[in-house]
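Some points follow for a colleague who has not seen this structure before. Please read them with the sequence and the 3D view side by side.

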Amino acid sequence: MRRTNLPSRAAARSALAGALILVLVGAASAARKPHWTWRSLHRPLHIPQLEPGASCPLSPKTRVDLGQEGVRALPGRGPAYPNFVDRGQTLEFVYPPLPRQTDFYGSGWSGNKVLWWVSGRYHGPVLIRGRQLDGPHLLRFEVGNPPPTEMRIRPGPGRGYPPSKGARDHPSYTRVEAAGCYGYQIDGIGFSRVIVFRAVQVAPPPEP
């Protein structure tokens with residue numbers, strides 16, 4: 001009796017070849033993806049040092065397309081950019097932290113909000129650390145006692161449509177102990193940048 005439901009040898013060979021091509025293409029694509037860990041982004045700090053009292057070399061601003069957020073002038077060359085409260089290049093802070101600053105009080109570290117943007121052209125991880133250029137102080141981030149010495153922005157697509165072209169935002173705190181000239185070091189896959197800004201102590205706002 002003739003069996004008509006079995007594939008021919010030619011068809012079987014064709015299916016096997018197609019499967020092999022898919023496996024090879026998938027392996028090649030995986031090989032092209034850069035491998036990284038947070039530890040691998042811990043490059044040595046290359047933030048310059050200045051003599052006390054020297055002029056602070058603020059990083060120039062770049063016009064950045066943030067997708068649905070529009071075009072903004074932000075400091076640095078990207079792909080990650082800090083956006084300070086006053087949208088300038090100055091971090092204003094009250095010292096010592098006030099009791100009503102519940103995220104800061106009792107830690108010895110003051111600071112202020114900084115909204116970070118990551119351009120839609122980069123979907124990888126971002127590691128942010130920093131220190132003072134004209135003195136011995138470090139930067140710290142977020143909350144804690146003491147606050148962490150680094151901030152991590154995890155990889156992923158941006159917001160808006162299409163997500164592949166939208167920018168990512170990351171609300172955060174930058175923490176300082178003293179006024180001065182500071183630098184962020186921003187490390188990601190294939191780049192390491194420094195953005196210089198000024199931290200200025202201001203008078204406490206009036207009680208609400």
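1. In this predicted model, an open sheet is built from 4 strands in the order β3-β5-β9-β7, with antiparallel pairing. Its edge strands, β3 (80-84) and β7 (140-141), each pair on one side only. Strands here are DSSP runs (E, at least two residues) numbered from the N terminus, and two of them pair if DSSP finds at least two bridges between them.

2. β3 runs antiparallel to β5 (residues 110-118), with 5 bridges. Pro-82 has Trp-116 in β5 as its bridge partner.

3. β11 (residues 191-201) pairs with β4 (residues 90-93) in the parallel sense over 4 bridges; here Phe-93 is bridged to Gln-201. With β10 (residues 180-188), β11 pairs in the antiparallel sense over 9 bridges, and Tyr-182 stands opposite Phe-197. The β10 and β11 hairpin has 2 residues between the strands, and Gly-190 takes a positive phi near 90°.

4. Residues are numbered from 1 along each chain as its sequence is written, and side-chain values use heavy atoms, without hydrogens or water. Local features need pLDDT of at least 70 and side-chain atom pairs count only at pLDDT 80 or more, while totals for chains, interfaces and linings use all residues.
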